[in-house]
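Grab your viewer and work through them with the solutions.

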Amino acid sequence: MIPNPETKYRPFPPVHFPQRTWPDKKITQAPIWCAVDMRDGNQSLINPMDHDRKIKFFKLLIECGFKEIEVGFPSASETEFNFVRFLIENDMIPDDVTIQVLSAARPDLIERTFEALKGAKNVVFHIYNATAEIFRRIVFNKSEDEIIELATSATQIVKDLCTKYPETKWTFEYSPENFSLTEIDYAIRICEAVTNVWNPSKERPMIINLPSSVEVNTPNVFADQIEYFSTNFAQRDKITLSVHPHNDRGTAVATAELALMAGADRIEGCLFGNGERTGNVDIITLAMNMYTQGINPKLDFHDIKRIVEIVKECNELPVHPRHPYAGELVFTAFSGSHQDAIKKGFQARQNQQHSYWELPYLPIDPADLGCSYEAVIRVNSQSGKSGAAWILQQNHGIELPPHLQREFSSVIQQQTDQTGHELTPAEIWDIFRTQYGLKNQEKLVLQEFNVEQNAPNSTKLKLTLAINGKKVTLEGVGNGVLSAGTAILKAKTQLDFRIVEYNEHTLGKSSDSRSISYIKCSNKNGDSFWGVAIDNDILGSSLKALLNAVSQFID
Ligand SMILES: CC(=O)SCCNC(=O)CCNC(=O)[C@H](O)C(C)(C)COP(=O)(O)OP(=O)(O)OC[C@H]1O[C@@H](n2cnc3c(N)ncnc32)[C@H](O)[C@@H]1OP(=O)(O)O
Ligand SMILES: CC(C)C(=O)C(=O)O
Ligand SMILES: [Mg+2]
């Protein structure tokens, strides 16, 4: 028996805020991004990053365009402390990048953190303490006022120490940890008290960072909390309002997006949503969501596969194959109706009159993330006619005629049903060649041919064939090469068949491109077979395709 949730869990109370305006707002520009992978992400890893992994991650974040990077919790360990020293002493921080460090609101930890920062150019000094009732009661055993005192006295210590190091441009950040679980008016009260101590200005704002340290409510309730805070905070114009969503309910991205609509200016998060428990908000998803709405996210993820590899190596964690924008399967359709729509979408793009991306089932151009179109369609037993046709088109320039697409699809379907597995492009190509005579067809093999135009509508054809390896030369007449060839083969094999469909095209754009021909022959019993052939000239490919089709009537 599962426990009764009604007596075990309490619903999160909504914020009474009928003046809310965020539902009608739009996101129109990128927020200030702060990557907290090297701190919040790092503190959640099984094996926290060592020096080399941290360096690698730091360089990656800079390449991606982050201008604010929380590089660690310097008072946590020697590794953390020394890493910050290394960055500073080796001049590894670009002038336009601000490093951020975190410390609990504890004098000993704050002092140690300042030691790590000596000589840095630009720093966000970030302190936090939990403010929610359950933390005040259980963790701190302190009253509301005592917690305010803890936060303000720590702020004063930071302020005093900043004056000792005037060579650094300091920005102060305060986080009421577990903001979303904190009584909203108390959260405003403690943040205002901290702000009053710091005394920011419009020109030198401080950062108030509102975390859903544990995600406890729906994104709309969090948005109400943010708009309420933003509306009622006394020195709103002197603070940068930041959010720091976690993903316990799986809605961190929505939470962050609604928070931006509700007035947040800045977002802290991690690549691929790494972080404590279910992670921090995924900045890649957020940024690419903006990108697909026509907004420049001011971050660069154009080589997503490389980013995945580096992050996997540094975090020693996988990235899910269905991770938005980045997973190895997110641009791949296995299912028939999706494949059909995607294939038609790519065709339609060739005549499109506008520049916008418009493709069924592909909300973003894979090329924008450095991915090719090759993998957008893969073939298994869920696939339809467009699946294999797409693979042949992409890999070999083959434009299967519509009827042949259907016929080849049933061949492929038999294979995938039998094995239950995906077919690779190489396997599909091999099945295609075997099925239509491009490979191992030895019953009727063209060796030479000669065409003479006797008169208008009368063509004389001389064929040299290897029939099951035996060379024969045959002649016939028809009103064209194919009808002459048909006449020759009918006479030789005693088979009664006719050509019912013929298609050809060049494989490539230049005039010396090879030709491919597709021929379907039927007999009176209703049996029909396709033959396909490739040759340097169109007559050769037509005759070979005819032989490949007819060979299939022969036992
Ligand atoms: C939501 C977040 O992500 S917060 C960031 C969390 N990150 C980390 O903790 C990673 C790095 N931390 C560490 O390595 C260690 O915690 C250290 C080295 C910083 C400190 O370790 P310790 O000295 O053993 O203290 P510990 O972390 O257990 O803290 C517990 C004490 O600090 C107090 N404390 C906890 N958080 C805070 C805070 N934000 N501000 C002030 N005091 C705090 C607790 O009430 C407790 O006090 P008590 O001993 O009087 O009961
Ligand atoms: C330190 C704070 C910002 C934090 O990581 C959290 O509350 O989740
Ligand atoms: Mg966090």
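**Exercise 1.** Sort the residues of the shell around ligand 1 into nonpolar, polar and charged.

*Solution.* Start with the classes: Ala, Val, Leu, Ile, Met, Phe, Trp, Tyr, Cys and Pro count as nonpolar, Asp, Glu, Lys and Arg as charged, and the others, Gly among them, as polar. The shell then splits into eight nonpolar, four polar and four charged residues. Before going on, note that this is a predicted model, where local features need pLDDT of at least 70, side-chain atom pairs count only at pLDDT 80 or more, and totals for chains, interfaces and linings use all residues. Residues are numbered from 1 along each chain as its sequence is written, while chains are lettered from A and ligands numbered from 1 in the order in which they are written.

**Exercise 2.** Find the positions UniProt lists for "binding site", and work out how far they spread.

*Solution.* The unreviewed UniProt entry gives D40, H244, H246 and N280 (numbered as here, with shortened feature names; annotations may be inferred rather than shown by experiment).

**Exercise 3.** Is D40 buried or exposed?

*Solution.* Count C-beta atoms, placed from the backbone, within 10 Å of its own: 20 or more others means buried, 12 or fewer exposed, in between partly exposed. D40 is buried, because 24 other C-beta atoms lie within 10 Å. Next, look for contacts (C-beta atoms, placed from the backbone, within 7 Å): beyond neighbours within four places in sequence, D40 touches C270, G275, E276 and N280.

Definitions and conventions: Two residues are in contact if their C-beta atoms, placed from the backbone, lie within 7 Å.
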